[in-house]
Structure formats: C-alpha cells, structure tokens
Amino acid sequence: MNEDQWVRAWRVGAQEPGTVLLDGFHALKHALRFGGDVRQVLTADRAALLALAAELAEDVGPALDRLAVELPEAELRELVPRLHPTGVIALAVRPTAAANLVALAHRPRTAPVVVLENPRNLGNVGAVIRLAAGFGAAGVVTTGVLDPWHPTVVRGSAGLHFATAVERLGLPDLPAGPLYVLDPEGADIRTTAFPDDALLAFGTERHGVSDELRARADHLVAVPMQPGVSSFNLATSVAMGLFHWMSGRPPGRPGPPR
C-alpha cells in the first residue's frame with residue numbers, strides 16, 4: 001500500500017470497537033511480549049525502531065520486522081494527539097470482557113486482584129496497572145465511569161494491560177475472594193497477612209472508599225501515616241499493599257497463570 005492507503009487504513013482501524021492505541025515503543029513491546037493482538041504498527045524510522053528492539057527487546061524484533069511500516073513523521077502527528085518520542089504508534093485489539101472475566105474468576109487464584117473504586121486520575125490508573133503486572137497480580141478491576149483502557153491509561157501502564165486482566169465492573173460483580181479494603185479505620189497492615197486470593201480494594205485519594213464498599217469488606221486494613229498526613233498517592237498505596245502481600249510469599253512461588 002502507499003502512504004495514503006496506510007493512513008486511511010489506520011483511521012478506519014482506530015474507529016473499530018475494542019481498538020487500543022499503543023503510543024510508543026514500550027507500550028508496543030509489552031503488547032507483543034504478552035500476546036496482544038497488534039494489528040498495525042507505524043513508525044517514523046523503521047531502521048531505528050528495529051535497532052531499539054535489538055537493544056532493548058530482542059524477543060519482539062521479528063514481530064516488529066513483520067508489522068512495522070515507515071511513514072513521514074508529519075503523517076504520524078496527524079494520527080495521534082501527541083507523538084511519543086520513540087516515533088512509533090500501533091493499534092491493537094483489547095481482550096474481550098469475557099476473557100478478562102474468565103481470568104479474574106480463575107480458582108484457585110494464586111495472586112490478588114486489585115480493585116480501584118471509582119478512580120479519577122487516568123495516569124494513576126495506568127501506574128497501578130503497571131504495578132499489578134510487575135508484582136504478578138491476577139488483575140485490576142475498576143468501578144465507576146473511568147475507562148481503564150483509555151489511551152492515557154494504556155500509555156501510563158506502558159502497555160502492561162496485556163500482562164494482566166484489566167476490566168471495569170460494578171461492586172456486586174467483583175470476583176470471588178476475601179475482600180481487604182484499605183481504610184484509615186482498619187487494622188494496622190503490619191498485623192494482617194493478605195492471602196493469595198484476596199481482593200485488595202482502594203478508594204479515591206480525596207474521599208477514600210464508599211460506605212457500600214466498606215460494608216462489603218471482610219477486613220479493613222490501614223497503612224500507618226504520620227499525624228497531619230491525610231493520604232498517600234493511589235499508586236503508592238497499591239504498591240505498598242502488593243509488596244506487603246508479596247513479602248509473605250515463599251521466594252520463587254509461581255504467580256498467576258497466563
């Protein structure tokens with residue numbers, strides 16, 4: 001195809017239901033590495049992209065060599081709001097809700113599910129998904145109106161949505177498992193062990209968790225803070241919760257199935 005045809009194909013593909021924008025090399029790398037269905041890859045410099053893969057991610061090099069199409073940078077800037085410094089963009093297909101629900105419902109679960117109640121900040125949600133993937137969590141569930149697959153969230157996660165199950169659900173639809181809710185009125189986290197099949201739930205930084213979620217909790221858990229400090233950043237709180245869980249596991253114990 002010529003340049004105009006590639007641009008038209010991108011514009012059509014970007015409008016298809018379930019399409020995910022992968023903005024930059026690292027998001028694309030992780031989507032390919034963790035089995036994402038990547039449909040189009042456009043780059044301002046194909047040789048530089050393949051060289052970057054050879055340096056940082058040899059495992060995805062063959063797929064990039066097969067998929068990457070070079071277009072002028074000016075054309076790419078017309079297709080996305082802000083071109084990533086690595087000069088590459090891609091379109092992938094998000095996993096279906098059914099596939100995510102199967103992954104979240106898998107029992108016995110060998111790692112917790114992170115629950116974010118009504119999160120507001122797209123970047124924070126992306127950071128949480130990146131943490132969840134790094135710690136080997138079974139998934140991230142959000143409630144409320146924010147789309148956890150928003151392009152800004154995917155950018156913030158560096159494409160690690162494809163390394164774990166990410167889905168938006170209502171509170172009544174949460175996966176099975178003991179619900180541990182982070183709340184200032186809870187027991188000191190240092191006195192509480194998180195089981196592998198736990199749901200670790202976090203509220204908003206401004207309002208905390210809702211009365212509904214608090215009423216559903218099997219356990220309320222608090223991270224100690226110095227007097228006068230009102231809250232931790234959401235991603236920081238999730239990192240502390242997941243590290244606390246991981247610290248109680250035997251070294252080398254396998255994470256959730258992929």
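This is a predicted model: local features need pLDDT of at least 70, side-chain atom pairs count only at pLDDT 80 or more; totals for chains, interfaces and linings use all residues.
**The overall picture**
- The chain holds 10 helices and 10 strands.
- Take the contacts with a separation of 6 or more: 79% of them are between residues 24 or more positions apart.

- Of the 258 residues, 46% count as buried.
- The chain exposes about 12,500 Å², and 53% of that comes from carbon and sulfur atoms.
- There are 23 positive and 27 negative charges, and their mean positions sit 2 Å apart.

**Zooming in on strand 9**
- Strand 9 covers residues 199-202, and here's a handy rule: in a regular strand, side chains alternate between the two faces of the sheet.
- Which residues of strand 9 go on which side? Leu-199 and Ala-201 are on one side, with Leu-200 and Phe-202 on the other.
- All four of these are buried, so both faces of the strand are covered.

**The neighbours of strand 9**
- Strand 5 (residues 113-116) pairs with strand 9 in the parallel sense, over four bridges.
- In that pairing, Val-113 has Leu-199 as its bridge partner.
- Strand 8 (residues 179-188) also pairs with strand 9 in the parallel sense, over three bridges.
- Here, Tyr-180 stands opposite Leu-200 of strand 9.

Conventions
Residues are numbered from 1 along each chain as its sequence is written. Side-chain values use heavy atoms; hydrogens and water are left out. Buried means under 20% relative accessible area, exposed over 50%, partly exposed in between (1.4 Å probe, protein chains only). Helices (H or I, at least four residues) and strands (E, at least two) are DSSP runs, numbered from the N terminus. Two strands pair if DSSP finds at least two bridges between them. Contact means heavy atoms within 4.5 Å. Accessible areas come from the Shrake-Rupley method with a 1.4 Å probe; for residues, only the protein chains shown count as cover. Lys and Arg count as positive and Asp and Glu as negative; His and the chain ends are not counted. The place of a charge is taken as NZ of Lys, CZ of Arg, CG of Asp or CD of Glu.
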